[in-house]
Amino acid sequence: MNRKPIHRGGILSAGYDPTRRWLDVEFDTHRVLRCENVGPEVASSFLRSASPFGYWKDEIEENYVVREISRADNGAHPSHVPVYCPDS
């Protein structure tokens, strides 16, 4: 998936895969998180937001399964354990 530059609010880039409904977000720490089952309206609102970090905190972070997909500095594989899973 291609990510587009954002460079606001601690977020470097983000991209959306509508087929898989994945929203990938790269933070200024170079950590990349994948949000699963994100609808196109939420993804579009996030990608267009004037305050993407605020949108992340308010609308995405605790409402979707979020997994880290970035590689650790030591070259380890990304974690497949969710960073956050909302209660069902």
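These legends describe close-up views of a predicted model.

**View 1. Phe 27 and Trp 56 form an edge-to-face aromatic pair.**
A search of the whole structure finds two aromatic pairs. In the pair of Phe 27 and Trp 56, the rings lie 5.3 Å apart, centre to centre, with 75 degrees between their planes. An angle over 60 degrees counts as edge-to-face, which is why this pair has that label. Phe 27 belongs to strand E3 (residues 22-27) and Trp 56 to helix H2 (residues 52-60), so the pair ties together parts that are 29 residues apart in sequence. Both Phe 27 and Trp 56 are buried.

**View 2. Phe 46 and Tyr 55 form a tilted aromatic pair.**
The ring centres of Phe 46 and Tyr 55 are 6.3 Å apart, and the angle between the planes is 50 degrees. Planes under 30 degrees apart count as stacked and those over 60 as edge-to-face, so this pair falls among the rest, which count as tilted. Phe 46 is buried, with a relative accessible area of 0%. Tyr 55 has a relative accessibility of 19% and counts as buried, because the cut-off for buried is under 20%.

**View 3. Helices H1 and H2 come within 8 Å of each other, axis to axis.**
Helix H1 covers residues 40-48, and its axis crosses that of H2 at roughly 150 degrees. The two helices are therefore roughly antiparallel to each other, because angles over 145 degrees count as such. On the H1 side, the contact involves Val 42, Ser 45 and Phe 46; on the H2 side, Pro 52, Tyr 55, Trp 56 and Ile 60. Of the residues in this contact, six are nonpolar, one is polar and none is charged.

**View 4. The side chain of Ser 13 makes polar contacts with the side chains of Arg 3 and Glu 26.**
Ser 13 is located in strand E2 (residues 11-17). At 8% relative accessibility, Ser 13 counts as buried. The polar contact between the side chains of Ser 13 and Arg 3 is 3.0 Å, and the one between the side chains of Ser 13 and Glu 26 is 2.8 Å. Leaving aside residues up to four places away in sequence, Ser 13 touches Arg 3, Lys 4, Pro 5, Ile 6, Asp 24, Val 25 and Glu 26.

Terms used:
Residues numbered from 1 in each chain as written. Predicted model: local features only at pLDDT ≥ 70, side-chain atom pairs only at ≥ 80, totals over all residues. Heavy atoms only, no water. Phe/Tyr/Trp six-rings, centres within 6.5 Å; stacked < 30°, edge-to-face > 60°. Helix = DSSP H or I, 4+ residues; strand = E, 2+ residues; numbered from the N terminus. Buried < 20%, exposed > 50% of the residue type's maximum accessible area, 1.4 Å probe, protein only. Axes fitted to C-alpha atoms, helices over the stretch in contact; angles between N-to-C directions. Parallel < 35°, antiparallel > 145°, perpendicular 65-115°, else oblique. Contact = heavy atoms within 4.5 Å. Nonpolar A, V, L, I, M, F, W, Y, C, P; charged D, E, K, R; others polar. Polar contact = N/O pair within 3.5 Å; in protein donor to acceptor, adjacent residues only side chain to side chain.
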